[in-house]
Amino acid sequence: MSGERGAAATGDERTAGGVRTASGVTGAARIRAVPDGRGGTALPLLTGEGALAVRRTRTAPPGAAVTLVGAMSAPLGGDRLRVDVEVGAGARLTVGSAAATVALPGRERRPAAYDVRLTLAEDAVLHWLPEPVIAAAGSDLRMTMRAEVAPGALLVLREELVLGRHGEPPGRLVSRLTLTVDGRTVLDQELAAGRGAAPGWDGPAGLAGHRAAGQLLLVGAEGATLLPRVLTTRADAVQAAATPLAGAPATLVTALAPDARELRPLLIRTLHAALAPSPHPRPALATAP
Amino acid sequence: MSAALLLLADGRFPAGGHAHSGGAETAVAEGRITDAATLAEFCRGRLHTTGLVAAALAAAATAGADPLALDGAADARTPSPVLRAVSRRLGRQLLRAARAAWPSPALDRLGAARPRGAHQPVVLGVAARAAGLTPLDAARATAYEAVSSPATATVRLLALDPFESAAVLARLGPEVDAVAEAAEAAARRALSEGLDALPAASAPLLDIGAERHAAWPTRLFTS
């Protein structure tokens with residue numbers, strides 16, 4: 001293993017077949033969806049290597065569906081995972097994952113990196129709906145999610161971050177979500193939590209004891225504009241708001257819950273409301289000027 | 001430390017900041033701020049997230065980055081429409097005061113390009129430049145505002161002893177300085193690498209709380 005340190009130090013850690021290097025396992029998945037010319041969606045590129053495998057799951061015409069499968073326990077400290085998804089003009093794709101991603105401490109005291117890039121051409125449709133990311137005790141994970149969306153495309157993105165498995169203290173988790181629409185950055189948000197995060201992360205302006213943070217990012221979904229801005233009351237276990245972003249037809253739903261179990265139902269309800277085929281105006285819980 | 005910085009950071013500078021609690025009104029009403037200790041934790045959380053972001057935007061504006069590009073970067077880092085509106089309203093008021101205090105073509109141009117108000121930290125950064133201050137000065141004033149606003153408001157909201165509020169701010173002093181220095185360093189990176197190098201730290205509960213606060217029928221503070 002020591003022979004691989006040189007390669008790791010240069011940042012070239014990609015190893016086909018998931019060979020464990022001094023810097024941990026690299027996993028990479030690449031998916032490209034295009035119209036198949038018959039009204040459906042083809043996947044001319046569908047590859048997984050190392051710790052990440054991809055399976056074409058069900059066919060739900062006119063869209064394609066892919067499941068990400070963690071081929072081995074990952075990410076550990078020092079691991080680098082990368083997912084690239086490209087949806088061509090007019091193609092429709094849904095990506096999910098087979099199980100939650102559990103970040104675990106590695107033998108090395110280095111953070112793991114998990115980088116996702118989503119690119120949507122005009123009139124593309126992508127539903128990115130993976131299972132939660134769980135920061136187990138002692139883990140250290142840096143995630144970046146960058147979505148580049150062309151005009152007319154529809155993106156539905158769900159992210160669920162869970163701090164610690166049941167009853168354990170959280171590891172460190174830093175997650176940055178960036179959205180560009182037509183080349184312009186309209187959302188750039190980073191959540192940092194857990195051991196070693198900046199002071200106050202769990203205080204009354206931070207997570208205030210909540211252990212699950214969820215986001216729904218809805219781009220080009222007309223129904224999202226009808227969501228009430230305030231989604232929960234102060235007495236609810238889940239705290240959530242739907243906030244229209246500036247400069248693009250995009251809405252970010254932010255939710256905090258005591259745990260993952262309480263988070264998912266609110267996100268599913270909100271998503272269904274936003275994607276209802278013929279949305280009728282719902283009474284808002286509250287309205288803001 | 002110049003007198004211009006003291007004036008810019010002075011709560012009595014006519015820039016409208018006194019009407020805002022920085023999210024403290026919601027946190028007090030929802031039982032998350034109950035005393036000096038929880039106020040300090042609230043201020044700390046705000047300082048290291050939205051405070052850091054605002055301080056970096058201000059420092060970048062003072063260092064000469066394009067204010068309109070920074071205004072867009074502030075939008076992207078402020079998902080809550082309520083908080084975007086608050087920041088622009090404060091920016092408009094600060095611009096009026098700054099144009100009187102330190103007349104400059106840069107402030108005039110910013111006012112003309114964003115007649116409904118640019119984001120407050122961007123205006124503060126441009127004003128600091130007009131006043132001959134440094135990017136670190138602008139970052140300090142902005143980082144300090146991130147904690148002084150809730151600390152001052154809590155005196156009224158909780159009838160907290162003003163001496164205790166001042167003690168909270170004094171104890172946070174070294175952290176405010178450290179955040180200002182980190183913000184200035186990020187601003188310098190942004191000048192060479194692009195605005196994506198600016199921090200984007202978020203505090204979800206502040207966003208959710210701001211939306212809820214705006215829906216209250218009556219409130220003591222605007223935000």
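How many residues of chain A are in contact with chain B, and how many of chain B with chain A?

## Where the two chains meet

In this predicted model, the count is 37 residues from chain A and 36 from chain B. Putting the chains together buries about 2,900 Å², and carbon and sulfur atoms give 59% of that area.

There's some charge pairing here too: 3 salt bridges turn up across the interface of chain A and chain B. A:D188 forms a salt bridge with B:R77, where the closest N and O atoms sit 3.2 Å apart.

## α8 against α3 in chain B

Now for the helices of chain B. Helix α3 (residues 36-62) and helix α8 (residues 135-158) have axes that come within 7 Å and cross at roughly 150 degrees. Angles over 145 degrees count as roughly antiparallel, so that's how α3(B) and α8(B) run relative to each other. Their crossing is right-handed.

On the α3(B) side, the contact residues include B:L39, B:F42, B:A54 and B:A58, while α8(B) brings residues including B:A138, B:A139, B:V147 and B:A151. Sorted by type, the residues of this α3(B)–α8(B) contact come out as 16 nonpolar, 5 polar and 2 charged.

## α8 against α9 in chain B

Helix α8(B) also packs on helix α9 (residues 162-193) of chain B, at about 150 degrees and with the axes 7 Å apart. That angle therefore makes α8(B) and α9(B) roughly antiparallel, and the crossing is right-handed.

Here α8(B) uses residues including B:L136, B:R140, B:Y144 and B:V155, and among their partners in α9(B) are B:L169, B:L172, B:V176 and B:E184. The residues of the α8(B)–α9(B) contact split into 15 nonpolar, 3 polar and 5 charged.

Terms used
Residues numbered from 1 in each chain as written. Chains lettered and ligands numbered in written order. Predicted model: local features only at pLDDT ≥ 70, side-chain atom pairs only at ≥ 80, totals over all residues. Heavy atoms only, no water. Axes fitted to C-alpha atoms, helices over the stretch in contact; angles between N-to-C directions. Helix = DSSP H or I, 4+ residues; strand = E, 2+ residues; numbered from the N terminus. Parallel < 35°, antiparallel > 145°, perpendicular 65-115°, else oblique. Left-handed = near helix turned anticlockwise from the far one by under 90°. Contact = heavy atoms within 4.5 Å. Nonpolar A, V, L, I, M, F, W, Y, C, P; charged D, E, K, R; others polar. Buried area = accessible area lost by both parts, 1.4 Å probe. Salt bridge = Lys/Arg side-chain N within 4 Å of Asp/Glu carboxyl O.
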